[in-house]
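Colleague: I have a model open here and would like to know what stands behind some of the labels. Could you take me through them?

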Amino acid sequence: MIAAPVVELVNVTRSFPGPPEVQALKSVNLRVERGDYLSIVGPSGSGKSTMLNLLGLLDRPSVGEYHLDGRDTSLLDEKQRAIVRGGTIGFVFQAFHLLPHRTVLDNVLLATLYSGVPRAEREDRARAALDRVKLNHRLDFLPGTLSGGERQRVAVARAVVASPELLLADEPTGNLDEATGGEVMDLFEELHADGLTLIVITHDQAVSDRAERRVRITDGRLSELS
Amino acid sequence: MKVFAKRMLRRRSRAAAVPGAELAASAELTPSIVPVIRRADRFSVQDLMVEASYGVGARPSRLVMTTLGTVLGIASLVVTIGFAQTAAGQISNQFDAVSATQVMIEPASTRNSSGNEQATGRLPWDAPERVNRLAGVERAGLVAEVDAEDQLVTSVPVNDPSAAQTLSPAVIATSPGLLAAVRGQVVTGRYFDVGHDERADRVVVLGARAAEGLGINRVDSQPSIFIGEVPYTVIGIIDGVERRANLLDAVIVPLGTARADFGLTAPTELHVQIDVGAGTLVARQAPIALDPNAPENFTVQAPAAASSLQDNIQADINIVFLTLGILALLAGGLGIANVTLLSVMERVGEIGLRRALGATKRDIARQFIVESAVIGLLGGLIGSALGVFAVVVVSLLQGWTPILDPFVAIGAALLGTVVGLAAGAYPAVRASNIEPITALRGGT
């Protein structure tokens, strides 16, 4: 038996019952090793959302198997999937999704609530995560007072605070200008250099090009780009 | 290929060190492959409360509007119940304790041919024990007038020709339990007991005014008085007899003593203390208990039952106000449901985010239900406080005694929570069914 990859999709198909029945993903095979930096590119409607849903354990494949960190996720019930999601996967979104009435520190702490970080460690880890994204001088700020780039860095801190196996970024630079988007991508590269497994889903060729390995998704089918 | 396999092996051993360790523990017990997480570390009740309180406090102005319906509903319920209780208190105050709870039974009398009153019945000596068994009877005691007119009652048996002739106090005999039955108090010393009564001891208790007249104000020196030539030891002085005030002017001896010394033949009155509202019942049953063969030989003075009309009016008012209160509460509940639903729609992004961070549908539902329950509790607390305040203020202005069961106030606040819970159920289900990725990609 060979070591388990972080993500392994085997013949995954996701179809939505019709009529007409739509196959958003068609027999997809994907293997992401620990420490990989992968980008998934594709035009809108190509199945990126479905891919994100499946990878993030927010949806189940209709056919096929998804092994996350060596575990067969089809055996998990909803609650277990939520727990695995909280502890194993970090999300970064295009729209940041910071809670507007909570401080930067609180927003990062939010991720520790559901992922089983022991209560005594929560604040230290949140501060450490914010240190890492160089926002330790903004702990008590509300998100509304931060720039776009800073907000996305808070979101990254939130995504990594629970020490996930996998960071899933969905159009992470979509709401940022080129310069701040570049900063965020630099941050991703630093995290990658530290050993984090990264999957960036994007339609932006420039963002995609910074990944070590790129796959394209077109009409529900996955193809490797060299 | 070989190199690749070696790399994989190394990775495998590293992977096993981290998540595999926790995995091993759970794999023994359950087929689950979920990491074991201590309950206290994952979204505990404490976390739930903190998150819910942020949700509640995020928009203070909206919170005020949301709670308003519950506040009004709860307040009107508390006011209604409070006024009902206060009014009930007023009614029983009018029938004040003494007149509403005192029954007196005398032998019936007829006029004989020469125009004199003649008793047709006779109270038995054990009358107090007989009526004590009846429902609604608290205490009972016998009174008998002692015919001692020709005997002077004095504190000193000295014939002082210069002293003005004074009216000597009346001598009255009672059973030991009478004092309690007519609600008198012992000022000093004690009242005689069953022992004195049975032995026919020569002891007396003085009414306060009689004691004053005889110049006796303390009993620790064992003063004596004389009825005629016979000395009696004073063992106590009583006061505060509201129902039979002439006891205050009397020298009181035990019934047994009166029978032995004065040839007393029968008691003249039976005083009974009853529960409020038991008047009609006791009036019907007491004569039968006293003499089953001839209950008609007694006359009973009992308090009338409270007007049933009054009760009906009170009940009508209560129903109107309770209905209004419940309607207001329903409106309040709908308000909470509406605002919570609105808040769910506004916070779609937050809900999606929480799901992505590892919240289960249940966690989301719990959060929204707790939020609306807290809003309901707040409304309940404020409403309950306002209601109590209103009852107190109106009672003050009217000169009434405000009466409100504390459990009504507490229960009303809790009722607010229940309304909040019920109102939050549907929005919470809606919130928990939101699709995370749709929510997360939809902007906001």
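Colleague: What makes the crossing of H3(A) and H5(A) right-handed?

Modeller: Remember that this is a predicted model. A crossing counts as right-handed if the near helix is turned clockwise from the far one by less than a right angle. Here helix H3 (residues 104–115) and helix H5 (residues 148–160) of chain A pack at an angle of about 35°, with their axes 7 Å apart. The crossing of H3(A) and H5(A) is right-handed, so the turn is clockwise.

Colleague: Which residues meet there?

Modeller: From H3(A) come A:Val104, A:Asn107, A:Val108, A:Leu110 and A:Ala111, and they meet A:Val154, A:Ala157 and A:Arg158 of H5(A). By class, this contact has six nonpolar residues, one polar and one charged.

Colleague: Why is helix H2 (residues 78–88) of chain A called mostly covered?

Modeller: A residue is buried if 20 or more other C-beta atoms lie within 10 Å of its own. Eight of the 11 residues in H2(A) are buried, so the helix is mostly covered. The buried ones are A:Arg81, A:Ala82, A:Ile83, A:Val84, A:Arg85, A:Gly86, A:Gly87 and A:Thr88. They pack against strand S4 (63–68), S6, H3 and S7 of chain A.

Colleague: What makes S6(A) and strand S7 (residues 166–170) of chain A a pair?

Modeller: At least two bridges are needed, and four join S6(A) to S7(A), so they pair. The two strands run parallel, and A:Phe91 stands opposite A:Leu168 in S7(A).

Colleague: Which residues of the largest nonpolar core touch the most other members?

Modeller: Of its 126 residues, those are A:Val108, A:Ala157, A:Leu167, A:Leu198, A:Ile199 and B:Val78. The largest share, 14 residues, comes from helix H14 (residues 361–398) of chain B.

Colleague: What is A:Leu198 in contact with?

Modeller: Neighbours within four places in sequence aside, A:Leu198 is in contact with A:Tyr37, A:Leu38, A:Leu167, A:Ala169, A:Phe188, A:Leu191 and A:His192.

Note on methods:
Residues are numbered from 1 along each chain as its sequence is written. Chains are lettered from A and ligands numbered from 1 in the order in which they are written. This is a predicted model: local features need pLDDT of at least 70, side-chain atom pairs count only at pLDDT 80 or more; totals for chains, interfaces and linings use all residues. Axes are lines fitted to C-alpha atoms, for helices over the stretch in contact, and angles run from 0 to 180 degrees between N-to-C directions. Two residues are in contact if their C-beta atoms, placed from the backbone, lie within 7 Å. Ala, Val, Leu, Ile, Met, Phe, Trp, Tyr, Cys and Pro count as nonpolar, Asp, Glu, Lys and Arg as charged, and the others, Gly among them, as polar. A nonpolar core is a set of buried Ala, Val, Leu, Ile, Met, Phe, Trp, Tyr and Cys residues joined through C-beta atoms within 7 Å. A residue is buried if 20 or more other C-beta atoms lie within 10 Å of its own, exposed if 12 or fewer, and partly exposed in between; C-beta atoms are placed from the backbone.
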